[in-house]
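Please look through the sequence and the structure below before reading on.

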Amino acid sequence: MNYKAKHQIKPDGGITRRTALKGLSTAAGLMAAPGFVRYAQAQSSEPIRIGFQCHRTGIGAAYGRWYERVTSAAVKRINDQGGVNGRPLEIVIEDDGTDAARGSEVVAKFANQHKVDLVYGTLFSHVVVAAAPMAGELKIPYYVVSEGYHVASGKMNRYCVQPGITDVKAQVRSVAPWIAQNLGKRVTLVYPDYAFGHDHRDFFEPAITAQGGEVIAKVPIPPTETSFTRYFPQIPRDTDVIYHVMVGPAVLTFVKELGEFFGTGGPQLFGFIDSLEAVDINSPGLEFLDGSHFWEGMPRYAQPDIPRYAASYRETVGIDENGASVNDPNDVSTAGHMFGCWETLYVIKAAMEASGYRGPEDRASLIEATEAMTEFPAGNEHPQGAKIFNGQIHQVFAEQCISQVNGGRLDVVHRTSIEDGMYEPEADYTTMSF
Amino acid sequence: MAFGPYLLLATLEGLVTSAVLALMALGLSLVFGVMRVVNVAHGEFYMLGAVLAWWFASLVSGHPAIGFLLALFASPLIVAAVAFLAERLVLRRLDYEPEATIVATIGLLYIIQQFALTFYGPEARPVEAPFDARIALPWFGYSAYKLAVIVVSVALMLATWLFLTRTRAGLIMRATQSDREMAQAFGIPVDRVYAGVFALGAGLAALAAVLIVPIRQAHYLMGLDPLLLSFIVVIIGGLGSLRGTVVAAILIGLSDGIISMFFSPTLAKMLATFLVALVLVFRPQGLFGAASR
């Protein structure tokens, strides 16, 4: 049969009764979807609903998956122990695709459609920077577990808080003295060419200069780059230390090509674990990292002197000795960051209890109660360690770990003090209006 | 680093990009040339090739070359089979209408991508190179595998060229490309040729991916950038022209390597896009493409 005759028959246009019915029933189904359900129950038994802005897809997906696991584990633990003010926590998840525009839409959806009590959980700095104004406009608390300096800089708004993880400025100031004393004073920075990388560039240079060191070259790399060899000639030959902080799926290539380029006997390496979160340190091509050092927010590998609360945290979120999922040793966690979700949820709980939070009408007092906090002792609620919170800049400060790659695992060689990372606040959110 | 070695490194990097780009763009160009289908899902076939390569390589233990060789044969075959199915189930039913097929391949792009995210996951995973050698030059070290990629890619391009010019199947494909209705009048089953070409195009993308995956890891979003570059190459070289595709791939790859090293990667991308604009204005059929009939 002729191919044309067989395949060029077109269905006639117009809407039949059947398609109209289909359309109507779909619309009805959508109306009945969870987002539209109104609560008919009494307020006291209603769960407190937390909108979790999750990087389920996009370049942050590996983080998103672990942020989600830690969040579920923490919420289960909180609910098992009686919830918050006698009410259970309920997590509503929306995927933001690790995308700035989508992130802002998700915050609006949480506030207007899901009508959650607060929004929580964002990591990537470009998403936070894009979504925070929306949270401020809709007057909904926005507890982020990001890392950039944007929250502490005072450029966000009164509703945006970061109580569970330290910012880049503090991390960089904590590790700079150790780098200058142990690795070398002539440093070349290799960083992604956007907000997060710029934080490293802007804060590391003054920090290392204060230690008598100097930054002799800066190598910005576009965030979508997949090949790196072409950038390495920009690294001066007399560099003592390459300070690298790459993110995204191409970091393995970065390390491998660095190894091919320098071979043995190249400069020392100091990296941020952000580069290798969710990546097995024993992956082929990473042998070059042996002996190099990393910043870690919380150790991925269980250390010999691990406190009991940290061990219990690891067990509850389901990671083994090597920081991989207990169900799959190849499923490596983002241990250096994800503790921030756990700790942020416990800060939210404490702030809700302190402010006697009942519902959205108490959002401002929830923020005020958070701002009033000063210290978080180490323990089950704060397994990463003790922390100092500065309510003026909505930012928490903590101890940092410097770990060395030794025979395929990361061993903590130095733990900084909280004070090492602290700096003069440059803003005061508490004077801003709600 | 002195100018000479700097230029050498830039050229080597550019050639690796060219080699992989040429293979991938060739697939895209064949599909468009023969079927007149703009395959937006081409980058996802590439990604699928890389993800399958990881899966095959992780199946076998022992020397990494065994897993890699398995992947090199099996992965393009499976991707070609997937493309064949997609062609039969989707594109054919749309009668290859240009607008409809663009929308359909966009849909295919998302389906394949989300499948990969669901079953493979969000991580970037490496495949071990079949051999691990570093060539130590006086100024810098370079991966021997990268040089092998260039050689293998050239061999594969030659094989494709021989297939298209020296075999009966290639003759049929070229006949279909040059005049579909006339080919049909001569009894060529155009419908089946289309399915074969679509599968072959996807297979070439998968081959390119298997070659690149020991250098850059398999990741579910890896298909987007190469897709854009392939479109650039195909537009510059001329749709459906094998020679044009190769020349344009070398041009784009080398300029990307050299310009981004001496100036900035952004400038390299800008120039490539500018070149596309120039070609579209002054020679819409591409450098080597025949004027449309």
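Predicted model: local features only at pLDDT ≥ 70, side-chain atom pairs only at ≥ 80, totals over all residues.

Gln404(A) stands opposite Asp411(A), a residue of strand E15(A). The two strands concerned, E14 (residues 401–406) and E15 (residues 409–415) of chain A, pair in the antiparallel sense over six bridges, where strands are said to pair if DSSP finds at least two bridges between them. Together E14(A) and E15(A) form a hairpin with two residues between them, and Gly407(A) in the turn has a positive phi of about 50°.

Residues are numbered from 1 along each chain as its sequence is written, and chains are lettered from A and ligands numbered from 1 in the order in which they are written. The pLDDT is the predictor's confidence in each residue, from 0 to 100; its mean for chain B is 90, and 98% of the residues of chain B reach 70 or more. Within chain B, confidence is lowest in E1(B), at a mean of 86, and highest in helix H2 (residues 42–59), at 95. For the complex, the predictor gives an ipTM of 0.76 and a pTM of 0.79.

Chain A holds twelve helices and 15 strands. Of its 434 residues, 51% are buried, where a residue counts as buried if 20 or more other C-beta atoms lie within 10 Å of its own, as exposed if 12 or fewer do, and as partly exposed in between, with the C-beta atoms placed from the backbone. In chain A there is also an open sheet of five strands in the order E2-E1-E3-E4-E5, with parallel pairing. Strand E2 (89–95) and E5 of chain A stand at the edges with a single partner strand each, so one side of each is left without a neighbour in the sheet. Inside this sheet, three bridges join strand E1 (residues 48–54) to strand E3 (residues 118–120) of chain A, and Gly51(A) has Val119(A) in E3(A) as its bridge partner.

Asn157(A) lies in the loop between strand E4 (142–143) and E5 of chain A. Is Asn157(A) buried or partly exposed? Asn157(A) counts as partly exposed because it has 19 C-beta neighbours inside 10 Å. Leaving out residues up to four places away in sequence, Asn157(A) touches Ala132(A), Pro133(A), Gly136(A) and Met432(A), a contact being a pair of residues whose C-beta atoms, placed from the backbone, lie within 7 Å. The C-alpha atoms of Asn157(A) and Tyr429(A) are separated by 6.9 Å, although these residues are 272 apart along the chain.

The domain assignment of chain A gives two domains, whose bounds come from an automatic or database domain assignment.

The C-alpha centres of domain 1 and domain 2 of chain A lie 29 Å apart.

Finally, the two chains can be taken together. In the contact between them, 33 residues of chain B meet 29 residues of chain A, and the largest share of the chain B side, four residues, comes from H1(B). By class, this side of chain B has 16 nonpolar, eight polar and nine charged residues, where Ala, Val, Leu, Ile, Met, Phe, Trp, Tyr, Cys and Pro count as nonpolar, Asp, Glu, Lys and Arg as charged, and the others, Gly among them, as polar.

Methods
Contact = placed C-beta atoms within 7 Å.
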